[in-house]
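Begin with the structure itself.

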Amino acid sequence: MTSVVPARTSAELIGAEEPVLAHNYHPLPVVVARAEGAWVEDVEGRRYLDMLAGYSALNFGHRHPALIEAAHRQLDRLTLTSRAFHNDRLAEFAERLAALTGLDMVLPMNTGAEAVESGIKVARKWAYDVKGVPADRATIVVAADNFHGRTTTIVSFSTDEVARAGFGPFTPGFRVVPYNDLAALEAAVDETTAAVLIEPIQGEAGVIVPDDGYLAGVRELTRRAGCLFVADEIQSGLGRTGRTLAVEHESVVPDVVLLGKALGGGIVPVSAVVARREVLQVLRPGEHGSTFGGNPLAAAVGTAVVELLETGEFQRRATELGGILREGLETLVGKGVVGFRSRGLWAGVDVDPALGTGREVSERLMREGVLVKDTHGSTIRLAPPLTVTAEELQGALHTLEKVLARQV
Ligand SMILES: Cc1ncc(COP(=O)(O)O)c(C=O)c1O
């Protein structure tokens, strides 16, 4: 006989996690049970506007019908082969993703951190095989306040002590320079440099948008120095900023683009290294891989994601709604907001610390039915699904205004 587990309340479920779940996150006290579009519903049936969208993994909203349909169709046919065999979905996914990004070849992986790790390996291999850097001497230049994931190699070049402390010894071969500083970058690059690895907009750091000309400068500098430009577009890419890739704002084509998050349509983890042929062709069988990378379910969902982006609709929405977001935030400057940075439908908002930490503001917004998440200190990040309506966005901005005015 099947036993019926009585439904548990949000408070009970949060309490039940405590003894059995590693405490590597500090979630807001909301227990989501279902979702559709830009809205989620908790266990008790309360509805919230999702203004975080899974850190941009849900650019197309929760359960976008075209993505769910693609997943269902594939679930009924074939889900996993491993790369020991070919599968009938992978070629189309790779072809269309390469075309979408203006690059040539694709290395499919699963999570963002894996794409970053893979990008690092590919850049090093390219440095030895093509550039002629002496064995084990390759360096990669990265930016301070970066966020590229949580693996041991990636935290080796993080400047966030919380991410690093207790996890050494660290992987050598990285040089850290200030973000948005071309002179510092130029000084750090030498004949051992395999690549410059940066986020075109630093997400976790608080949506830090570099000065106009920085990305074009990185492109020019790396070309001159004969090293690769690796753009981590895992959070900034796939429509979020109003373009397919954030580097397009400066008409830049990097040598290597790292994608993840929204590539899985909010359904499965899908990431990829997309690069020029000369770069990705350095890999030979056995040198790199992943059991799940490029599996048919991931490829089917990823292809459906690419298909949505090919229409240009989501990039357009991000631009138009981004205008509303920017205008709304401008009216809040001096009224609880001390400053903000935004591009497309993505903003880092610095709240007056006298009004509370980012965490406290996020909790107050949650109680008013709007989900956001703090980054550092008193900064909150807004990144709603690109499917959100203008009215929903304006409603969230109004709620933020009330929360900051302490009217609720
Ligand atoms: C720019 C960037 N790179 C890499 C990652 C890591 O992705 P994942 O959490 O899927 O490993 C993130 C995650 O937030 C990110 O924002």
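Ser271, Val273 and Ala275 point one way from β10, Ala272 and Val274 point the other way, and all are buried. Buried means under 20% relative accessible area, exposed means over 50%, and partly exposed lies in between (1.4 Å probe, protein chains only). This is a predicted model: local features need pLDDT of at least 70, side-chain atom pairs count only at pLDDT 80 or more, and totals for chains, interfaces and linings use all residues. Residues are numbered from 1 along each chain as its sequence is written, and side-chain values use heavy atoms, with hydrogens and water left out.

Strand β10 spans residues 271-275. Because 5 of its 5 residues are buried, β10 is largely enclosed by the rest of the structure. Strands (E, at least two residues) and helices (H or I, at least four) are DSSP runs, numbered from the N terminus. Two strands pair if DSSP finds at least two bridges between them.

Strand β4 (residues 105-109) pairs with β10 in the antiparallel sense over 5 bridges. Methionine 109 has serine 271 of β10 as its bridge partner. Strand β9 (residues 256-259) also runs antiparallel to β10, joined by 4 bridges. Here leucine 259 stands opposite alanine 272.

**The open sheet**

An open sheet of 4 strands has the order β11-β12-β15-β14, with antiparallel pairing. Its edge strands, β11 (337-342) and β14 (373-374), each pair on one side only. Helix α12 (residues 313-332) packs on the sheet and touches β11, β12 and β15. Contact means heavy atoms within 4.5 Å. The direction of α12 makes about 165° with that of β11. Axes are lines fitted to C-alpha atoms, for helices over the stretch in contact, and angles run from 0 to 180 degrees between N-to-C directions.

Within the sheet, β12 (residues 347-351) and β15 (residues 379-382) are joined by 4 bridges. Valine 349 has isoleucine 380 in β15 as its bridge partner.

**Salt bridges**

The structure holds 24 salt bridges. Each is a side-chain nitrogen of Lys or Arg within 4 Å of a carboxyl oxygen of Asp or Glu.

| Pair | N to O distance |
|---|---|
| Arginine 46, aspartate 42 | 2.8 Å |
| Lysine 125, aspartate 129 | 2.9 Å |
| Glutamate 220, arginine 224 | 3.4 Å |

Arginine 46 is partly exposed at 46% relative accessibility. Aspartate 42 is buried at 1%. Lysine 125 and aspartate 129 are 4 residues apart in helix α5 (residues 112-131), so about one helical turn separates them. Glutamate 220 and arginine 224 both lie in helix α9 (residues 214-225), 4 residues apart. Glutamate 220 is partly exposed at 38%, and arginine 224 is exposed at 53%. Elsewhere, salt bridges with shared partners join Arg89, Glu92, Arg96, Glu307 and Glu310 into one network.
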